[in-house]
Amino acid sequence: QVQLVESGGGLVQPGGSLRLSCAASGTIFGIADMGWYRQIPGKERELVGAIRSDGSTKYADSVKGRFTISRDNAKSTVYLQMNSLKPGETAVYYCNAAIRQLWGSPVQYWGQGTQVPVYS
């Protein structure tokens, strides 16, 4: 059993910054890709950023240059540093991790989500 626990969400003013964390725990043989997604009210869940085990990253075009994803493999934790937040980025942010198994392909797990309201 694996759990992903997010922290760091909360109210932030437009133009402000926030850092989200997501720690994986449980029976983990290794973690492949880790990522952050968000669901803006009325829209589908979308990828914000992802990071591979080798540290390579990719981002949604809308957040490039403002958001940074990183990971600490020793702590099984992924981070999302968000700068210059916009009101339209009010959303529930979810972390995702592909957990390696003893046998077979990695299994995807999701965190419970953390609210990030962006308004004055």
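Guide: Let us begin with D33, which counts as partly exposed because its relative accessibility is 32%; buried means under 20% relative accessible area, exposed over 50%, and partly exposed in between, with a 1.4 Å probe and protein chains only. This is a predicted model, in which local features need pLDDT of at least 70 and side-chain atom pairs count only at pLDDT 80 or more, whereas totals for chains, interfaces and linings use all residues. Residues are numbered from 1 along each chain as its sequence is written, and side-chain values use heavy atoms, with hydrogens and water left out.

Visitor: Why is the contact of D33 with R52 called a salt bridge?

Guide: A salt bridge requires a side-chain nitrogen of Lys or Arg within 4 Å of a carboxyl oxygen of Asp or Glu. The N to O distance between the side chains of R52 and D33 is 3.7 Å, so the pair qualifies. D33 lies in strand β3 and R52 in the loop between β4 and β5 (57-59), 19 residues apart; strands are DSSP runs of E, at least two residues long, numbered from the N terminus. R52 is likewise partly exposed, because its relative accessible area is 48%.

Visitor: What makes E89 and R66 a salt bridge, and are these residues buried or exposed?

Guide: E89, in the loop between β7 and β8, and R66, in the loop between β5 and β6, are 23 residues apart. E89 is buried because its relative accessibility is 5%, and R66 is buried because its relative accessible area is 12%. Salt bridges that share partners join R38, E46, R66 and E89 into one network.

Visitor: How do you know that C22 and C95 form a disulfide?

Guide: A disulfide is a pair of cysteine sulfur atoms within 2.5 Å. The S to S distance is 1.9 Å, so C22 and C95 meet the rule. C22 in strand β2 and C95 in strand β8 are 73 residues apart. C22 is buried because its relative accessible area is 1%, and C95 because its value is 0%. The count comes to one disulfide.

Visitor: What makes a set of residues a nonpolar core?

Guide: The members must be buried Ala, Val, Leu, Ile, Met, Phe, Trp, Tyr and Cys residues, joined through side-chain atoms within 4.5 Å. Of the 28 residues in the largest such core, W36, L80, M82 and Y93 touch the most other members. Strand β8 gives the most to this core, with five residues.

Terms used. Helices (H or I, at least four residues) and strands (E, at least two) are DSSP runs, numbered from the N terminus.
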